[in-house]
Amino acid sequence: MFMRVDKLQAELPAPKRKDPNAAAALQELLGGKYGEMSTLGNYMFQSFNFRSKSKLKPFYSLVAAITAEELGHVELVSNGVAMLNNGPDNDGDKTDGGDISKAPFEDMKDIRLAAAFLSNGGGVTPVSSNGASWNNDFITTTGNVVVDLLHNFHLECGARLHKLRVYETLTDPTGREVCGYLLVRGSVHAHAYALALKKITGVEIEKFLPTPNINLDKIPECQKYLQEGSHRRLYTFSPGDYTEMAGIWGNGEVALPGDPPGELSVVEGMPEGGKIHQLTGVPSAFTPDYAPEEMFEIAKKLTKKAR
């Protein structure tokens, strides 16, 4: 089962301006072929379908724990996209719908993903940067442990390539922070699958890393995560399960060359994380509604009653 915590895995800075085209670029990291929906879907269904779980516990635990982290990555990218569509933080919702007869959103017809506004009110859905829907064809679950792990290694390297390319298209700190954090964690996952393959086959596949060949020390947004040791940690995302993956991610294994040195470790639980930003209500876009004051009052009363 899964437990949900009302935080993001990383603290994201508020965007400097509304930038729906940057949000469209970031969508690639969600619904693209190598996006977070693909990593989540692959690892989740591989973990559900895993055979001989008790006999292959370290390998099952690795895939299962990374599944939970990927669900949080989907949440992180989704929040980044919505924040870029929303614009800078604002503590107060707009109080009325204004005059909608004067086309208040005329500019939206020219943005790259107009459907993000027209259908989703600036929200996010599992599509690529061009609006193509994510689909089941991006999932590989063969039942063969080596083939699945090799596919996962390829998937993480492909995701790294896409994150680097998206990073190079963005200037806003929100999108770049999403990319920086995911580049660190994606490197962890690629390293973990490489070590798992080495345990089974004896092939030192971790020597392929980093792929593509650029170290994280070249990327400013990665630095704080490297300094705190995130590149050396795998989280169980559970109060007691999946600790067996320490047989793969540990036992004297160390960080990749080019990253800050140190031994790899498994951490029970999850990262400290960061807040989920409030998205401003825009009545003229009917989010949450044209005249939301009554809904706000109802929610306030319900919240008070719950306490």
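These notes go through rings, charges, surface and backbone in turn.

**Ground rules.** I am working with a predicted model, where local features need pLDDT of at least 70, side-chain atom pairs count only at pLDDT 80 or more, and totals for chains, interfaces and linings use all residues. I number residues from 1 along each chain as its sequence is written, and my side-chain values use heavy atoms, with hydrogens and water left out.

**Aromatic pairs.** I looked up the ring pairs and found 10 in the structure. Rings of Phe, Tyr and Trp (its six-membered ring) pair if their centres lie within 6.5 Å; planes under 30 degrees apart count as stacked, over 60 as edge-to-face and the rest as tilted. I picked Tyr-60 and Tyr-242. Their ring centres are 6.2 Å apart and their planes stand at 70°, so I logged the pair as edge-to-face. The two residues are 182 residues apart and link distant parts of the chain. Tyr-60 is in helix H4 (residues 57-86), while Tyr-242 is in the loop between strand S1 (233-235) and strand S2 (265-267). I take helices (H or I, at least four residues) and strands (E, at least two) as DSSP runs, numbered from the N terminus.

Is Tyr-60 buried or exposed? It counts as buried, at 13% relative accessibility. My cut-offs are under 20% relative accessible area for buried and over 50% for exposed, with partly exposed in between (1.4 Å probe, protein chains only).

**A charge over a ring.** I checked Tyr-167 next. The charged end of Arg-176 sits over the Tyr-167 ring, 3.9 Å from the ring centre. The test is NZ of Lys or CZ of Arg within 6 Å of the ring centre and within 35 degrees of the ring normal.

**Salt bridges.** I found 11 salt bridges in the structure. Each is a side-chain nitrogen of Lys or Arg within 4 Å of a carboxyl oxygen of Asp or Glu. Arg-185 and Glu-69 form one of them, with the closest N and O atoms 2.7 Å apart. Arg-185 lies in helix H7 (residues 173-201) and Glu-69 in helix H4, so this bridge ties together parts that are 116 residues apart in sequence. Both Arg-185 and Glu-69 are buried.

I then looked at Lys-109 and Asp-110. Their side chains meet in a salt bridge at 3.6 Å, N to O. Lys-109 counts as exposed at 57% relative accessibility. Asp-110 counts as exposed too, at 58%.

Lys-207 bridges to Glu-204, the closest N and O atoms being 2.6 Å apart. Lys-207 is exposed at 63% relative accessibility, and Glu-204 is partly exposed at 40%. I also logged a network of salt bridges that links Lys-198, Lys-199, Glu-206 and Glu-253.

Which residues does His-73 touch, not counting residues up to four places away in sequence? I listed Gln-9, Glu-36, Tyr-181, Leu-182, Arg-185 and His-189. Contact here means heavy atoms within 4.5 Å. His-73 is in helix H4 and is buried, with a relative accessible area of 2%.

Leu-71 is in helix H4 as well. It is partly exposed, at 39% relative accessible area. Leu-71 makes a nonpolar surface patch of about 390 Å² with Phe-2, Phe-45 and Phe-48. Patch residues have over 30% relative accessible area and no salt bridge; like charges are joined within 9 Å, nonpolar side chains (Val, Leu, Ile, Met, Phe, Trp, Tyr) within 5 Å. Areas come from the Shrake-Rupley method with a 1.4 Å probe, and for residues only the protein chains shown count as cover.

**Backbone.** Most residues other than glycine have a negative phi, and most peptide bonds are trans. I looked for departures. The Leu-209 to Pro-210 peptide bond is cis, with omega near -5°. Pro-210 lies in the loop between H7 and helix H8 (223-227). The Thr-287 to Pro-288 bond is cis, with omega near 5°. Pro-288 is in the loop between S2 and helix H9 (293-306).

Phe-286 is also in the loop between S2 and H9. Its phi is positive, near 60°. Phe-286 counts as partly exposed at 46% relative accessibility. Tyr-242, from the ring entry, has a positive phi near 70°.
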